[in-house]
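Subject: Structure handover

Hi,

Here is the structure for you to look over. My notes follow below it.

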Amino acid sequence: MSLEKKDEYDHSGWMQKKDLTPVEKGYLMVLVWLDRRLRIVDYLELLEDLYYKVNMQMPKSHTEQYNLDNKFWYWYPLYALGSFSTIAYVVAALSGALLGFYYAPATTGDPSGAYNQIVFIMTDLNFGFMLRSIHRWSAQVMVAAVFLHMLRVYFTGAYKEPRELNWILGIVLISLTMVFGYTGYLLPWDQLAFWAGQIGVEMSLSVPLAGEWVAQLMFGGFTLTQSTLQRMYILHVFLLPFVVTTLIAVHIGIVWMQGIAEPH
């Protein structure tokens, strides 16, 4: 007889009694190993309790409340627009990160170096043309998907109580998506970027009272310079990705807690 204290939960003995595949056995062994050190099962149970408590407090969806079943099946493709825009955002982020290995804004007073790097990516870099095209088209798809998603939410009445907070968050996200697109539009520093930047400066100066301050802050002055390109790069690469990713996570989390509102 062994004097060793027996484990309160004989996980190994339990797994031996079960007919488990190698994948299932490996998963359970990792889970047991982590649980003995980090008590992750306790936290998973806590999240499960929280999930059911929250969902019990949420109102039923329209199809559940009125037992509509599949009478609104023709709306369902439009309900994938939120996920579609999220996938496009992930593709744009990954392709943009790869482009960041070869692109940097000009570090001197002449910003034309940014355009030369774009030319190098498009003409000399292996798969560079494809990579930039993926980044560009995924960004455009994201803008279109977010816009259509907002229209679907509005016309199906999904912005009403108790989902008005997520509607406001969606408005913030579509606004940041526009800023994302504009800042990225200026980074190649070609003719399109230059005149788009000039329009941005003029629009900033047209703001009552604070116009000059806005132009100085956003564009580094009243004309386009290397400071303008530097500011657009910082916004596009260092600030907006973290803000937008956080807000998307919160947005999806609220949808997960409240459920999807089917059309009235």
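The axes are lines fitted to C-alpha atoms, for helices over the stretch in contact, with angles from 0 to 180 degrees between N-to-C directions. Helices (H or I, at least four residues) are DSSP runs, numbered from the N terminus, as are strands (E, at least two).

The model is predicted: local features need pLDDT of at least 70, side-chain atom pairs count only at pLDDT 80 or more, and totals for chains, interfaces and linings use all residues. Residues are numbered from 1 along each chain as its sequence is written, and side-chain values use heavy atoms, with hydrogens and water left out.

Start with helix 10 (residues 211–219) and helix 11, whose axes come within 7 Å and cross at roughly 75°. The two helices are therefore roughly perpendicular. In contact (heavy atoms within 4.5 Å), Gln-216, Leu-217, Met-218 and Phe-219 of helix 10 meet Ser-227, Thr-228, Arg-231, Met-232 and Leu-235 of helix 11. That contact has 5 nonpolar, 3 polar and 1 charged residues. Here Ala, Val, Leu, Ile, Met, Phe, Trp, Tyr, Cys and Pro count as nonpolar, Asp, Glu, Lys and Arg as charged, and the others, Gly among them, as polar.

Now helix 6 and helix 7. Their axes come within 5 Å and cross at roughly 110°. That makes helix 6 roughly perpendicular to helix 7. Ile-118, Ile-121 and Met-122 in helix 6 meet Gly-128, Phe-129 and Arg-132 in helix 7. Phe-127 sits in the loop between these two helices. Its phi is near 60°, a positive value in a residue other than glycine.

**A cis bond**

Look at the loop between helix 7 and helix 8, where Pro-162 is found. The peptide bond from Glu-161 to Pro-162 is cis, with omega near 10°.

**Pockets**

A pocket, on a 1 Å grid over the protein atoms alone, is an open set of points where a 1.4 Å probe fits, with protein on both sides within 12 Å along at least five of seven lines; lining residues have an atom within 4 Å of a point. Points are joined across faces, edges and corners, and volume is the space filled by probe spheres set on them.

The largest pocket holds about 1,100 Å³ of space. It is lined by 33 residues, and His-135, Ala-139, Gly-184, Tyr-185 and His-236 are the closest to its centre. The lining divides into 22 nonpolar, 8 polar and 3 charged residues.

The second largest pocket holds about 630 Å³. Of its 29 lining residues, Gly-82, His-149, Asn-166, His-251 and Val-255 are the closest to its centre. Helix 5, helix 7, helix 8 and helix 11 each give two or more residues to that lining.

**Aromatic pairs**

Rings of Phe, Tyr and Trp (its six-membered ring) pair if their centres lie within 6.5 Å; planes under 30 degrees apart are stacked, over 60 edge-to-face, and the rest tilted. The count is 7 aromatic pairs. Tyr-89 and Phe-180 have ring centres 6.3 Å apart and planes at 65°, so this pair is edge-to-face. Tyr-89 lies in helix 5 and Phe-180 in helix 8, so the pair ties together parts 91 residues apart in sequence.

Best wishes

Technical notes:
Parallel < 35°, antiparallel > 145°, perpendicular 65-115°, else oblique.
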